[in-house]
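Open the model in your viewer and keep the selection tool at hand. This tour goes from one selection to the next and says what is there.

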Amino acid sequence: MDIFANLALGFGVALTPFNLLMCLIGVLLGTLIGVLPGVGPVATIAMLLPITFNLNPIAALIMLAGIYYGAQYGGSTTAILVNLPGESSSVVTCLDGYQMARQGRAGPALATAALGSFFAGCIATLIVAMFAPPLAEVALKFGPAEYFSLMVLGLVAAVVLAHGSLLKAIAMVILGLLLGLIGTDVNSGVLRFAFGISELADGIGFVTVAMGMFGLAEIIANLEHQGTREVFTKKVTHLWPTKEDWKRIWAPILRGTFLGSALGILPGGGALLASFGAYTLEKKVSKYSREFGKGAIEGVAAPESANNAGAQTSFIPLLTLGIPSNAVMALMIGAMMIQGIAPGPQVMTERPQLFWGMIASMWVGNLMLVVLNLPLIGMWIKLLTVPYRILYPSILVFMAIGVFSLSNNPFDVLLMGLFGLLGYVCVKLECEPAPMILGFILGPLMEENLRRAMLLSRGDPLTFIQKPISAGFIIASVILLVIIALPQLRKKRAEVFVEEV
Amino acid sequence: MKIKGPKEFWAGLMFIAFGLFFLVWAVLNYQMGSAVRMGPAYFPSVLGGLLAVIGAFVLIDAFVEVGPKVPRFHFRPLIMILLGCVAFAYTLKPLGLVGATALLVFIGAFGGNEFKLREVAILYVVLVIFSVLVFVKGLTLPFPIWPAFME
Amino acid sequence: MRQFLACVVLLAAAGGAAAQAWPAKPIRLIAPYAAGGPIDISARLLAPKLQQALGQPVLVENRPGAGGNIGADFVAKSAPDGYTLVIGAIATHAINPWLFAAMPYDPIRDFRPVALIVQVPNVLVVNNELPARSVKDLIALAKARPGKLDFASGSTGSTGHLAGEMFKLMTGTYMVHIPYKGAAPAVTDLMAGRVHLMFDNLASALPNVKAGKVRALAVTTRQRSGFLPELPTLDEAGLKGFEMTTWWGVMAPAKTPDAVVQRLNAEIFKALELADVKERLRAMGSETPAVRTPQAFSAFVASELKTYGELVKRSGAKPD
């Protein structure tokens with residue numbers, strides 16, 4: 001088969017010493033910035049672009065790709081250890097990963113994240129290698145109507161993220177949607193809810209919200225109930241997942257990988273929904289669903305696999321259509337253009353070395369990451385034994401620097417503070433931030449696609465049902481909504497008694 | 001009427017406030033448009049209205065179901081942490097990383113239950129050196145290191 | 001009088017000395033957009049070359065936000081000493097002033113244009129299924145189906161949007177504008193046939209045109225483009241006087257000393273002539289601009305501002 005010849009060509013390129021070195025530099029740097037909250041792959045790749053001018057195109061792209069998926073790895077580390085999601089995809093990892101860390105199970109959580117990601121990365125790379133061109137067509141099938149319906153499904157799923165009141169979770173989703181609308185309206189160019197603050201013109205950054213709602217709120221809440229003399233986690237039991245853990249995670253990893261690979265292909269929010277979707281799916285199918293949100297290992301395994309799989313397959317639209325599916329991919333296009341390569345359908349045929357070399361390097365990079373990260377787990381866990389009074393000012397400094405660097409503007413840090421306040425209030429009122437964050441990310445995308453779909457259909461709402469893919473998502477949303485709502489309604493009476501006790 | 005679930009009560013009020021705010025602000029300031037050509041006010045006012053309605057349900061819940069009390073707010077960590085962040089942000093350019101980090105670390109540490117000057121001072125020095133090496137030297141972020149008047 | 005003269009002489013000497021000494025410290029080049037975009041990339045391309053020529057570090061700093069207004073405003077309000085520069089663009093200096101209700105700066109009064117560095121043409125591309133092989137066909141089609149054709153753009157008020165509006169005005173046709181967030185999703189929908197046409201910038205359109213995923217009908221510049229020499233200009237295709245390019249260049253705060261501006265201009269053009277810079281800018285679809293002196297750049301900005309003012313008004317693209 002062709003594919004083996006192609007992969008052989010690819011590995012021939014990826015395994016040259018220089019390219020291996022570039023890959024290593026990429027994943028190391030990626031892990032570093034992933035671990036540092038706030039400093040994301042976008043800023044790093046942008047800053048490194050000038051350096052890549054002098055590299056050959058393949059080496060440059062291998063390094064940049066390494067930064068991208070290295071950052072995904074690193075991002076989950078901070079999410080698990082200190083509840084700081086630096087990437088939108090690691091928000092879900094916070095939910096159970098951080099709880100595991102609090103229970104002294106940071107080791108298994110980190111190992112699960114690393115191994116799940118590695119497995120997902122391998123499978124997804126294989127998918128990219130085998131099916132990239134036909135899958136690219138899928139991306140073209142998604143228009144505004146399809147995206148809108150997919151997002152509706154995503155939001156319904158978001159409600160499952162919460163383990164408390166259903167009503168409050170829905171409210172938090174809507175609040176997130178509304179906050180996401182702050183900034184310039186895509187359709188009319190009107191500034192909305194900016195109150196004359198020009199920094200709000202481009203909206204509020206995800207990192208700012210996540211750092212505030214998760215990071216700051218958590219620090220403030222921690223400071224109040226524990227004496228800071230205490231160590232953060234009581235006792236670190238073991239580094240490695242137990243036999244029982246293994247039994248619990250293999251299926252979630254598989255499911256997460258496939259869901260992630262599928263959604264990753266979609267530009268415009270697909271990869272993002274992957275981790276949320278995988279979590280929701282597990283919470284619904286798992287027999288341990290009561291443990292979700294309280295440190296269920298499946299809640300780490302599934303989203304981590306999904307997000308890494310999605311990170312790999314999001315290269316499909318880039319490499320085959322020249323369509324960037326997120327900000328990092330847009331930068332990759334910039335990097336390719338600077339190298340005189342026009343990203344698009346002809347890359348695969350005109351520059352097979354580049355195309356297959358990159359795919360092979362993804363696999364190599366994933367292997368490097370797992371080899372690098374597993375030994376690091378021990379070190380990360382040591383970090384948690386540092387007294388909290390030392391740990392939290394350090395986290396504060398990294399957060400502040402990271403958020404400031406987003407646009408070199410003090411305003412973002414101020415906003416982070418405001419969201420910290422909101423997050424703290426939400427902790428007190430038992431309103432969970434995760435559904436809000438998903439709403440926040442999806443809000444503008446949803447509105448944009450809704451309005452665009454309505455413009456294109458000249459105002460006919462049936463467009464969402466007439467298109468088969470879109471109709472499928474709408475039906476799935478309705479079914480999911482029923483599944484979520486029914487037990488909640490039934491449970492309600494029962495819960496009253498439980499809480500009175 | 002007795003408030004049985006204080007958490008639900010305040011959460012409901014918060015949602016209603018946010019919802020009405022977005023609804024009213026959108027309707028007053030932006031155009032509604034039509035379903036074909038939705039104006040900038042369309043989506044936010046629909047969502048704002050929805051949020052207020054759900055907030056009202058949450059509020060009703062507060063009078064029906066018994067729920068836990070709202071835990072006490074601790075203002076010391078809250079104020080100190082937020083103050084530290086803001087101080088850092090607005091002094092980074094004039095005072096450099098060295099000055100701004102000092103403010104953040106000391107004010108932030110003051111938010112904890114325990115404040116040992118020596119320990120915080122050592123932590124500060126370590127953090128500054130680390131930040132300068134990683135962020136300014138390594139990642140080449142355009143931050144000044146020293147206060148502007150010392151350069 | 002004598003005192004006054006002495007003052008003038010002193011000031012002139014001081015100014016001269018300052019210019020002589022310039023640059024005595026690092027220069028900040030503000031890119032008013034997010035890192036990694038074409039404007040940021042060209043800034044980062046230029047910076048090391050200027051650094052070499054001027055003997056002082058040239059640091060690129062991204063200050064994105066408000067369509068570039070935040071970064072531009074920052075420089076407008078900086079000291080006019082030649083140590084803070086900005087990449088001013090068609091958005092910040094010709095279009096935004098007409099789109100934004102409250103502009104924090106005056107695009108003419110607050111700046112001194114130094115050197116135009118990039119000019120990229122837009123290309124009129126249509127979906128492959130559309131039965132229009134030429135601009136003439138397209139006009140006929142648009143007239144036969146008023147309000148049925150959709151044109152996409154990367155955002156409201158972008159050059160792609162305004163080019164479409166100009167096309168509508170000049171041909172007397174009606175097409176529906178479908179704004180996107182960035183050119184990439186717009187191109188996706190164009191390829192898939194959900195929208196019919198688009199005025200895309202050359203660099204992003206070129207690979208898809210070459211791969212036959214979309215069909216190019218014309219370029220928006222007066223001269224044909226070296227990248228697609230067989231493609232007519234809209235001017236040739238019957239829309240007399242149609243001209244539109246996306247451009248950006250280095251600008252300084254108003255009142256920056258002449259000597260500094262001249263020196264910068266000279267060094268920037270020397271850098272633009274370097275083979276590697278030239279090649280990389282070409283990869284972005286830019287051909288070396290014809291506007292070369294600071295004076296000519298000033299005049300160019302003023303005329304662009306005027307052109308877009310009329311266009312924005314007539315197209316109804318204005319928000320609120």
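Predicted model: local features only at pLDDT ≥ 70, side-chain atom pairs only at ≥ 80, totals over all residues.

**Stop 1: chains A and B**

Colour chain A and chain B separately and look at where they meet. The contact involves 73 residues of chain A and 71 residues of chain B. About 6,500 Å² is buried between the two chains, and carbon and sulfur atoms give 79% of that area. On the chain A side, select Phe193(A), Ile401(A) and Lys428(A): these lose the most area to chain B, together 10% of what that side buries.

Now look for charged pairs across this contact. Three salt bridges are counted between chain A and chain B. Show the side chains of Glu430(A) and Lys7(B), which form a salt bridge with an N to O distance of 2.6 Å. Elements of chain A that give two or more residues to the side touching chain B include α3 (41–52), α8 (166–180), α17 (388–407) and α21 (468–500). Sorted by class, that side of chain A has 48 nonpolar, 11 polar and 14 charged residues.

**Stop 2: a salt-bridge network in chain A**

Select Asp185(A), Arg192(A), Glu447(A) and Arg451(A), which are linked in a network of salt bridges. Start with Asp185(A) and Arg192(A), whose side chains meet at 3.7 Å, N to O. Then move to Glu447(A), which forms a salt bridge with Arg192(A) at 2.7 Å, N to O. This second pair joins distant parts of the chain, with Glu447(A) in helix α19 (residues 433–456) and Arg192(A) in strand β2 (residues 191–192), 255 residues apart.

Are Glu447(A) and Arg192(A) buried or exposed? Glu447(A) counts as buried because its relative accessibility is 3%, under the 20% cut-off. Arg192(A) is buried too, with a relative accessible area of 2%. Asp185(A) is also buried.

**Stop 3: a pair in chain C**

Go to Asp73(C) and Lys77(C), which form a salt bridge with the closest N and O atoms 2.5 Å apart. Asp73(C) counts as buried, at 17% relative accessibility, whereas Lys77(C) counts as exposed, at 57%. Over all chains the count comes to 31 salt bridges.

**Stop 4: chains C and A**

Show chain C with chain A. How many residues does the contact take from each chain? It takes 42 residues from chain C and 41 residues from chain A. The area buried between them is about 3,400 Å², with carbon and sulfur atoms giving 63%. In chain C, select Arg44(C), Arg194(C) and Arg280(C), which lose the most area to chain A, together 16% of what that side buries.

One salt bridge is counted between these chains. To see a salt bridge here, select Arg458(A) and Asp150(C), where the closest N and O atoms are 2.8 Å apart. There are six residue pairs in polar contact between chain C and chain A. Among the elements of chain C giving two or more residues to this side are α2 (38–54), α7 (183–192) and α10 (275–283). α7(C) gives the most, with five residues.

**Stop 5: the domains of chain B**

The domain assignment gives domain 1 (6–64) and domain 2 (75–150). Their C-alpha centres lie 39 Å apart.

Note on methods:
Residues numbered from 1 in each chain as written. Chains lettered and ligands numbered in written order. Heavy atoms only, no water. Domains from an automatic or database assignment. Contact = heavy atoms within 4.5 Å. Buried area = accessible area lost by both parts, 1.4 Å probe. Salt bridge = Lys/Arg side-chain N within 4 Å of Asp/Glu carboxyl O. Polar contact = N/O pair within 3.5 Å; in protein donor to acceptor, adjacent residues only side chain to side chain. Helix = DSSP H or I, 4+ residues; strand = E, 2+ residues; numbered from the N terminus. Buried < 20%, exposed > 50% of the residue type's maximum accessible area, 1.4 Å probe, protein only. Nonpolar A, V, L, I, M, F, W, Y, C, P; charged D, E, K, R; others polar.
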